[in-house]
Amino acid sequence: MGIPPPDSSTKPSRVLDTVTIRFCGDSGDGMQLSGGEFSRASAFAGNDLRTFPDFPAEIRAPAGTLAGVSGFQIQFSSQPVYTPGDRPDVLVAMNPAALRSNLADLRPGGTLIVNTGAFVAGNLAKAGYLANPIEDGSLDAFVVHGVDISKLTEAALHGSGLSTKEIARSKNMFALGLMLWLYQRPTEPILRHLQQRFAKKPEILAANEKVLLAGHAFGETAELFAGTYVVPPARIAPGRYRNVSGNQALAMGLIAAAKLSGLKGFLGSYPITPASDILHELSRHKNFGFTTFQAEDEIAAVSSAIGAAFGGNLGITTSSGPGIALKQEAINLAVMAELPLLVIDVQRGGPSTGLPTKTEQADLLQVLFGRNGESPLPVIAPATPSECFNAALEAVRIAVRYMTPVILLSDGSLANGQEPWKIPEIADLKPIDAPKRTKAEGFLPYERDNTTLARSWVAPGTPGLEHRIGGLEKDFLTGSVSYDPENHEKMVRVRAEKVRRVAQDYAPLEVEGPPDGRLLVVGWGSTYGAIRAAAAQLRSRGLPVSHVHLRNLNPLPMDLGGILQRFEKVVVPELNLGQLSIILRARYLVDAVGINAVKGKPLQVGDLAARIEEALS
């Protein structure tokens, strides 16, 4: 490359414990890249962190409009981090629309860095401003730094030969370089990653490097900032770490599960936000023997995965809420045929097309009860992005041990959010036992294991083990089509009992805080970080708040009922209108009180702590 990275600042530094920054701009301004690279630099600096990318729902909204605003928030700290942060300490706004969309979230007294070059009449009008907010005093509650990033980027790339459009696209690197200087993040890993990312576009690589370093140098020399900030490294367990999103962790978990089980992995999927990245990630790793298939629709996708499972492979399909609705009839076929199938639902705001790029937890009742007939199946929900890896292993282990479809419930904030992940040692991962029957003597297709009630898995073409499967009810032992009323009820009850027995493999639930007492917070999925932080905050003030988080939503853990009975009050925060609350009320007859939000955003720690404290009174 030939461009040396800058050393640390010569200006005074102030040590901070935790910082939350949000980059925001037009969807073409590269905010996701800036935020992602800043996260990478923070990880290399040894901080713990969590991120929250916020994508516009419009595929191609007009430039400079409110509908096209894209954001990326990161909280990094020298302490453990469980959420992307409530309100940013620093807001980097690349145009008026970004400022208008995000200003209300900036904490009072927070730092605002605005690209003054974008605050022209046309952009102000598109954002609905009648006057320039930088000049009319409406930003006086914040520490405002106006930087003409557009003009400085043009100056840095003068004579580069790039088009005006290409130069404008590089301004995100100026903002990134400035923030790297302000928080003393290392530039080396960013420059190395840019070399990899733009290896086939040397002119773009050179421009990005030049503008990033120009932004860094601007911070050092412009006398705009009195000094820099340092967030010391966090104390974390030794090991090899990498930043990982939930979708990336899921993809790696699926590859690992295929290796650990000795099965050939097959993903049949139809692209849909926010699940598509799993397909993209797996398609990059064909060297592991994993096959990916982009089907023509959701039904074809799940049907291909069922076919793969019937053929003796690890059959997987991915989607989001609308796609899961379309797949339900085929999932029922897998329930009736008793085949191991993994269905991954990365939830988003609904109903219908809903909020495609926003997060929600409102598919729980759909995956539990959205199929015709008595159709139980196990449901697993990871709590953090990195936990998606282990959730994939567990889901596959259950599917092949109990010969049943399993649904894994992720969501938009897990899928796109990132955090440091300690890469596991291969030797520490337990093998997944996935035997197939080859012995013909005494074979009955629906004869079951005494412990799991699973029938045998037989690969098609195995001599002497020919049998029929399908959606019609089966005879209890022979698998022949049966309309016998007594046999049907027996099969319905056996399939339900088989799923109920999955709970016999669970580890005991962990209660954070007092094991009994005044109030228990029950959560599931991506609300984990906010609930854990809020409960810990309240306990530090002497309030009796405990927390249990459910990774297995069907069947529920066998010790959950006893835990619920040990508390006077039970509250259930969810990103829906109370779906788990309904389950807990019906199953355990507890007066579970919901703390619910359906705004397309994760729960905020401060708001949640206030509502839990209110429930205590």
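Modeller: A crossing of two helices is called left-handed if the near helix is turned anticlockwise from the far one by less than a right angle, and right-handed if the turn is clockwise. Please keep in mind as we go that this is a predicted model.

Colleague: With that in hand, is the crossing of H6 and H8 left-handed or right-handed?

Modeller: H6 and H8 cross in the right-handed sense. Their axes come within 7 Å of each other and cross at roughly 45°, and H6 and H8 are therefore oblique to each other.

Colleague: Which residues of H6 and H8 make the contact?

Modeller: On the H6 side there are Met173, Phe174, Leu176, Gly177, Leu178, Leu180 and Trp181, and facing them from H8 are Asn208, Val211, Leu212, Ala214, Gly215, His216, Phe218, Gly219 and Glu220.

Colleague: How is a pair of packed helices described in general?

Modeller: Packed helices are described by two quantities, the angle between their axes and the distance between those axes. For helix H4 (residues 149-156) against helix H8 (residues 202-221), the angle is about 120° and the axes are 10 Å apart. That makes H4 oblique to H8, and the crossing of H4 and H8 is right-handed.

Colleague: Which residues in H4 and H8 meet?

Modeller: Leu152, Thr153 and Ala156 in H4 are met by Lys210, Val211, Ala214 and Phe218 in H8, and the residues of that contact fall into five nonpolar, one polar and one charged.

Colleague: At what angle do H4 and helix H6 (residues 171-182) pack?

Modeller: H4 and H6 pack at about 105°, with their axes 9 Å apart. Angles of 65 to 115 degrees count as roughly perpendicular, and H4 and H6 are therefore roughly perpendicular to each other. Ile149, Ser150, Leu152 and Thr153 in H4 touch Lys171, Phe174 and Ala175 in H6, a contact whose residues divide into four nonpolar, two polar and one charged.

Colleague: Turning to the backbone, which peptide bond has omega near 0°?

Modeller: The bond from glycine 350 to proline 351 does, and this peptide bond is cis; proline 351 sits in the loop between strand S13 (341-347) and helix H13 (364-369). A cis peptide bond also runs from asparagine 554 to proline 555, with omega near -5°, and proline 555 lies in the loop between strand S20 (552-554) and helix H18 (560-565).

Colleague: Which residue has a positive phi although it is not a glycine?

Modeller: Glutamate 223 does, with phi of about 60°, and its place is in the loop between H8 and strand S8 (228-230).

Colleague: Finally, leaving aside neighbours within four places in sequence, which residues is leucine 16 in contact with?

Modeller: Apart from those neighbours, leucine 16 contacts Tyr183, Tyr229, Val230, Val231 and Pro232. Leucine 16 is itself located in the loop between strand S1 (13-15) and strand S2 (18-26).

Technical notes
Residues are numbered from 1 along each chain as its sequence is written. This is a predicted model: local features need pLDDT of at least 70, side-chain atom pairs count only at pLDDT 80 or more; totals for chains, interfaces and linings use all residues. Side-chain values use heavy atoms; hydrogens and water are left out. Axes are lines fitted to C-alpha atoms, for helices over the stretch in contact, and angles run from 0 to 180 degrees between N-to-C directions. Helices (H or I, at least four residues) and strands (E, at least two) are DSSP runs, numbered from the N terminus. Angles under 35 degrees count as roughly parallel, over 145 as roughly antiparallel, 65 to 115 as roughly perpendicular and the rest as oblique. Contact means heavy atoms within 4.5 Å. Ala, Val, Leu, Ile, Met, Phe, Trp, Tyr, Cys and Pro count as nonpolar, Asp, Glu, Lys and Arg as charged, and the others, Gly among them, as polar.
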